[in-house]
Amino acid sequence: MSTSSHYQQHYQAAINTPDAFWQQQAARLSWYKTPHNTLQQQDADHYQWFSDGVLNTAYLALDYHIEQGRGEQTALIYDSPVTNTKQRFSYRALRDEVAQFAGVLKALGVTKGDRVVIYMPMIPQAAIAMLAVARLGAVHSVVFGGFSAHELALRIDDACPKVIVSASCGIEISKLIAYKPLLDDAINKASHKPGYCVIYQRPQLRADMQSGRDLDWQLAAAKAEPAGCVPVKATDPLYVLYTSGTTGKPKGVVRDNGGHAVALNYSMQAVYNAKAGDVFWAASDVGWVVGHSYIMYGPLITGCTTVLYEGKPVFTPDAGAFWRVCAEYGVNILFAAPTAFRAIRKEDPDAALQRYDLSALHTIFMAGERLDPATYDWVSEKLQKPVIDHWWQTETGWPIAANPTGIELMPVKPGSSTLPVPGFNVQILDDNGQQLRANEQGYIALKLPLPPGCLTTIWGNDQRFVDGYLRSFPGYYASGDGGYIDQDGYLFVMGRTDDVINVAGHRLSTGEMEQIVASHPAIAECCVIGIHEPIKGQQPLALVLIKNGIDVDETILEAELVAMVRQEIGALACFKQAIIVTRLPKTRSGKILRKLLRQIAAGSEYSVPSTIDDPASLPEIAALMHNRGLVSPV
Ligand code: COA
Ligand code: AMP
């Protein structure tokens, strides 16, 4: 790579003169009060971006474009193969719906800083609710619709919402998911009780309403007074989004308003090469960070048309669904998880269903999990378009490493998420926090300060933010991922170094599953690890030790554990396998050697550590995994 490349110039400018670089990016937005402060360090661990700026993110996403003459341009396309619905909202129409729903929330007492939990399927009302909360300067916390009542209750207790917005049902491939009973159950379980619930009644399944607490969205909106945009400080929170950590308690990632808007706007141009009027489709869910950043705020702040798709890549109705949507709406930029393409490839290996005109499509971006070279090759070959892997996390909110297509399309190396995005100083560290050399694998860490848009803290638990991310390597943010940087500066992300796994692009905690499994009365001890799964990337596997004197049938026990995890976390955990073992490999101090178990399941070479207490446990477990066909072919 030439050192004078455009990319290098951007990258060096962001690292060497961050104030000037980000001030320039901030100037591209319309603020109520333009910030003079750019980056400020508050103390050893905390930084603030644009602290004296005042703005409203929903204004930037909607009203601003109407003022710029784009009011009639389509802001949002809703495409729902599961309900046979297609609907377009212009910027003006979406703004009006948002203002109207903001009026509903305002009448319920929601004001600046209040939290509103949103538990919705992929319908336009989910987007409207998020923007309405932002319009009021309040803080939304969207909970993915696939989560169980228990998970929802955890989030309600942490965020303490004044109001919860939900819908009567979601629609999966061939079944209705009744949301309202889950919501009622969650509120019963939670200690915090919201004042009100606003329920969007869908015709496929109407919900029973609790008088005094529940309001019908449509009836309330019809009576509401539209509400205007409330100015907030750049440092005020826009949202809290919960993500899995290593413990059973999810972490509420806090995103500010100002840094977030600046960073997303920059990323839309620098990473995605998107401009106003482009059609941008992130085939994710508003319950995940991809949905927040690139179904909602990024495309709308940039003035794009965003696609909200209520369907799957396969079976709704077939593996041609992605191509149909891209062609029908002239999608220019597609963003999806590799797992979606693996599912499409399984159903339609020759891409025979790709018989649409995809001439509008420029680029396909993938994230959420490692883009394996086989999937990269298949998509590149079938579409003959650039396929870009990029790496990021809920915590950062936008890509840390990518091929910066809006600056310069760099040569692709399959297996690599390419180069650090300007603003992110990516380093590979060893156990002692020392920088490693090119091609040496270690912990991926980001040198502080982080660029705008990254998490500012963990909701209600700043100590968890400091301890969880900043203490492992002083002066760095520890990403939780491992990998290496090659001689050309390309980053290869190899997987998590902690107990987080990634199932179909969904981030899950094995620690949380262990807590659930361990609560079964027959279980003395257990360990849950992520093992390879050809479509979803990973799936959880439990290794369980039975209490002395208890006699259980493995099949029955497994079914009970599967039901428990499904009940406590949700079907999305895809927890389907549990094996009874007689011992677990541990260090002499009693720590389960999870990495070793993962290596056995991966069929890779492993060395037995000298600290192991019971080396004979290893061949026993390896044999059990082999018998169940759970060891990956190397
Ligand atoms: N609401 C309720 N239930 C949900 C749900 C939701 N929003 N999302 C998933 N589930 C349920 C499914 O119905 C399924 O239940 P089941 O075990 O009763 O069949 C279970 O959770 C697992 O779902 P999923 O992981 O979606 O598996 P699948 O076999 O139905 O589909 C894929 C497989 C690969 C097509 C699908 O996982 C997919 O589209 N993945 C892409 C994910 C993605 O975009 N991630 C975002 C990261 S950027
Ligand atoms: P989430 O916070 O749910 O977005 O999940 C973030 C995690 O997903 C990261 O820490 C990685 O482990 C994984 N991930 C996301 N994108 C990639 C990628 N492009 N390559 C490898 N891993 C990825």
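Me: Buried means under 20% relative accessible area, exposed over 50%, and partly exposed in between (1.4 Å probe, protein chains only). So is K413 buried, partly exposed or exposed?

Reply: Heads-up: this is a predicted model, where local features need pLDDT of at least 70, side-chain atom pairs count only at pLDDT 80 or more, and totals for chains, interfaces and linings use all residues. Residues are numbered from 1 along each chain as its sequence is written, chains are lettered from A and ligands numbered from 1 in the order written, and side-chain values use heavy atoms, with hydrogens and water left out. K413 has 22% relative accessibility, so it counts as partly exposed.

Me: Which residue forms a salt bridge (a side-chain nitrogen of Lys or Arg within 4 Å of a carboxyl oxygen of Asp or Glu) with K413?

Reply: The closest N and O atoms of the pair are 2.6 Å apart. K413 sits in the loop between β21 and β22, and its partner is 75 residues away, in the loop between β25 and β26. That partner is D488.

Me: How many residues apart in sequence are the parts tied together by R471 and D45?

Reply: R471 and D45 form a salt bridge, with N and O 3.0 Å apart at the closest. R471 is in the loop between α14 and β25 and D45 in the loop between β1 and β2, so the pair ties together parts whose separation is 426 residues.

Me: What share of ligand 2's exposed area does the protein bury?

Reply: An oxygen of ligand 2 is 2.7 Å from a side-chain N or O of R496, and a nitrogen is 2.8 Å from one of D389. Taken alone, ligand 2 exposes 490 Å², and the buried share is 93%.

Methods: A polar contact is a pair of N or O atoms within 3.5 Å; within protein, one must be able to donate a hydrogen and the other to accept it, and residues adjacent in sequence count only if both atoms are side-chain atoms. Accessible areas come from the Shrake-Rupley method with a 1.4 Å probe; for residues, only the protein chains shown count as cover. Helices (H or I, at least four residues) and strands (E, at least two) are DSSP runs, numbered from the N terminus.
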